[in-house]
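Hi everyone, thanks for coming. I'd like to walk you through a structure that may be new to you, so please have the viewer open.

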Amino acid sequence: MRPAPRGRGLRDPDLRDRLYDLLEHDPLAYSVGSRFIQVIIAVIVLNVAAMVLASVPELDARFGTLFSAIAALCVIVFALEYAARLWTVAGHTQRKGTALSDRLGYAFSALGIIDLMAFLPAAIVLATGRHATLAALGVLPFFKLIRYSPAMRSLLAAVHAERRALIGCIVILIGAVLTFASLLYAIERDVQPDKLGTIPQAMWWAIVTLGTVGYGDVVPVTPLGKFVSTFAIISGFAMIALPVAIISSAFAEEVKRRDFVVTWGMLARVPLFSHLSAAEIADIMRLLRARTIEQGEILVRRGDVASSMYFITAGEVEIALPNQHVRLADGTFFGEIALLHKTKRSGTVTATRKTRLLVLDAQDFHALIARMPTLAAHVHETAKARLADSGDLAAAELAQAEKEGTDR
């Protein structure tokens, strides 16, 4: 009898794929991935908090050993995460290159550099024993939150998209600083030679004035200098408002674009919409609401008024019917029978794990199937199949609904 084959350990591609899914996959429907992200975020917060407190001499004198232990623990966690990402990225990039090129691509990417800087400088400081420098590096792990924060990623994407306009703002600001600094130098150099005796000295006044800070350490004393300062202050509002307006509008557009892409990706997982055109999907997207329910949460109860139809984009639910229990997973939909027959819910729907849904309200549902015959046919076909299997609506309830319709 031949012995059973043993696992190949780190050379097992299945292990690498599973670990990659844990590190990179959207974790909404998977509790393990969600817990992993929560652990990493908790470690980041712990590290930053410890390094901030370590900069206080009194706290550092009392808890210095604890702060160093926390720093060492965080370095180990971030180093293991970086090594895992470096190992698992092979074969999971769009370039379809070699394992070495995939790993180098991650190592030199923005997120890869952030992951490396989160632990490498702190590890060097711990090894050399320069404890005072350790607190100054505490902010570096904070930037790892970019990976887990859609808002931060959207902001960076907005800045990158408007980089040319922002560079133009910087050029305009430099020109304004040089112009006002030169004017004030020419006007006040003889009156205040210690503060405005050179153009570089006058540039400090121009920067704080245009930046609307106005420290008051350098101010004009001549009437003409004050007159020039008035225009510098007014120009400062424009210097601040211009980049703020550019970034805010770009950020809003990026958030809309991200939400559109996310919703489109969710719709793509539902086979019901796979045959629709881009224009039809965009039309449906305006009607749908995203909703996430936790494991064990009850979505609808038996006897509730049917007000919505649901599409599962990630996760799983269990429908408790009078004579059986039905489980539905990614890409399926439910609730359409009660809407079609205008009756109450025939079963209680409970999430068996964290589940992401798209919700279509009853009024929008009837309007949608009225203007999309192909979609309506698919929904009716699915509803008939479920009724034939006693899947979604009890026969007695259907008969009652038909009787109520006749009485009217």
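The chain has 18 helices and eight strands. Please keep in mind that this is a predicted model. Of its 408 residues, 37% are buried. The accessible surface comes to about 23,100 Å², and carbon and sulfur atoms account for 64% of that. How many of the contacts between residues at least 6 apart in sequence join residues at least 24 apart? The share is 71%.

Let's begin with the helical side. The UniProt record, an unreviewed entry, annotates "transmembrane region" over several spans, including residues 36-57 and residues 231-252. Residues 231-252 are 100% helix and 0% strand, with end C-alpha atoms 32 Å apart.

Now for the aromatic rings. The structure holds seven aromatic pairs. One of them is Tyr-82 with Phe-119: the ring centres are 5.6 Å apart and the planes sit at 55 degrees, so this pair counts as tilted. Where do the two residues lie? Tyr-82 is in helix H3 (residues 57-88), while Phe-119 is in the loop between helix H5 (110-117) and helix H6 (120-128), so the pair ties together parts that are 37 residues apart in sequence. Are Tyr-82 and Phe-119 buried or exposed? Both are buried. Together with Tyr-106, Tyr-82 and Phe-119 form one aromatic cluster.

Another pair is made by Phe-142 and Phe-143, and this one is edge-to-face, with 6.1 Å from centre to centre and 75 degrees between the planes. Phe-142 has 37% relative accessibility, so it counts as partly exposed. Phe-143, at 38%, is likewise partly exposed.

On to the strands. There is an open sheet of four strands in the order S1-S8-S3-S6, with antiparallel pairing. Why is one side of strand S1 and of strand S6 left without a neighbour in the sheet? Strand S1 (289-293) and strand S6 (333-334) stand at the edges and have a single partner strand each, so one side of each stays open within the sheet. Further in, S3 pairs with strand S8 (residues 355-361) in the antiparallel sense over six bridges.

Strands S4 (residues 317-320) and S5 (residues 325-328) pair in the antiparallel sense over four bridges, and four residues lie between the two strands. Within this pairing, Ala-320 stands opposite His-325 in S5.

Ser-308 belongs to strand S3 (residues 308-314). Its relative accessibility is 4%, which is why Ser-308 counts as buried. Which residues does Ser-308 touch, leaving aside those up to four places away in sequence? The answer is Arg-289, Gly-335, Leu-339, Arg-345, Val-359, Leu-360, Asp-361 and Ala-362. With Asp-361 there is also a polar contact, side chain to side chain, at 3.4 Å. Finally, Phe-334 is 26 residues away from Ser-308 along the chain, and the C-alpha atoms of Ser-308 and Phe-334 are separated by 9.4 Å.

That's my tour, and I'm happy to take questions.

Methods. Residues numbered from 1 in each chain as written. Predicted model: local features only at pLDDT ≥ 70, side-chain atom pairs only at ≥ 80, totals over all residues. Heavy atoms only, no water. Buried < 20%, exposed > 50% of the residue type's maximum accessible area, 1.4 Å probe, protein only. Contact = heavy atoms within 4.5 Å. Polar contact = N/O pair within 3.5 Å; in protein donor to acceptor, adjacent residues only side chain to side chain. Areas by Shrake-Rupley, 256 points an atom, 1.4 Å probe, with all protein chains shown as cover. Phe/Tyr/Trp six-rings, centres within 6.5 Å; stacked < 30°, edge-to-face > 60°. UniProt positions renumbered as here; feature names shortened; annotations may be inferred. Pairing = 2+ DSSP bridges.
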